[in-house]
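Visitor: I would like to go through this model with you, a few questions at a time. Could we begin with the side chains and then turn to the strands?

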Amino acid sequence: LYDVATGKEFAKLLGKNHGGVVAFSPDGKLLATGGFLGVRIWDVAARKPLRELDAADPTSRFVRCLGFSADGKSLYTGAGN
């Protein structure tokens with residue numbers, strides 16, 4: 001994570017390969033990351049993962065896109081080969 005004004009890194013979210021696509025919840029408290037291993041939901045302030053989700057498509061666990069709903073209660077994902 002980087003401070004946009006200064007360009008300085010202020011946090012790293014470490015874990016398994018869940019990189020590739022990212023989306024912040026509307027309130028900025030959660031970050032979803034998606035990639036080869038499905039989706040991981042992060043607590044931004046604590047810099048810790050909250051939960052892991054498999055990709056919606058059982059034939060491919062590679063998540064290509066994701067986004068939160070406007071109210072932040074749902075996460076939409078798209079997967080494919």
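Visitor: Which side chain meets that of Arg 40 in a salt bridge?

Guide: This is a predicted model, in which local features need pLDDT of at least 70 and side-chain atom pairs count only at pLDDT 80 or more, while totals for chains, interfaces and linings use all residues. Residues are numbered from 1 along each chain as its sequence is written, and side-chain values use heavy atoms, with hydrogens and water left out. A salt bridge requires a side-chain nitrogen of Lys or Arg within 4 Å of a carboxyl oxygen of Asp or Glu. At 2.5 Å, N to O, the partner of Arg 40 is Glu 52.

Visitor: Which strands does the pair Arg 40 and Glu 52 tie together?

Guide: Strands here are DSSP runs of E with at least two residues, numbered from the N terminus. The two residues are 12 apart in sequence, so the pair ties together strand β3 (residues 38-43), which holds Arg 40, and, with Glu 52, strand β4 (residues 48-53).

Visitor: Is Arg 40 buried or exposed?

Guide: Buried means under 20% relative accessible area, exposed over 50%, and partly exposed in between (1.4 Å probe, protein chains only). Glu 52, at 42%, counts as partly exposed, whereas Arg 40, at 4%, counts as buried.

Visitor: Which strands stand at the edges of the sheet?

Guide: The open sheet of 4 strands has the order β1-β2-β3-β4 with antiparallel pairing, where two strands pair if DSSP finds at least two bridges between them. Each edge strand has a single partner, so one side of each is left without a neighbour in the sheet, and these strands are β1 (21-24) and β4.
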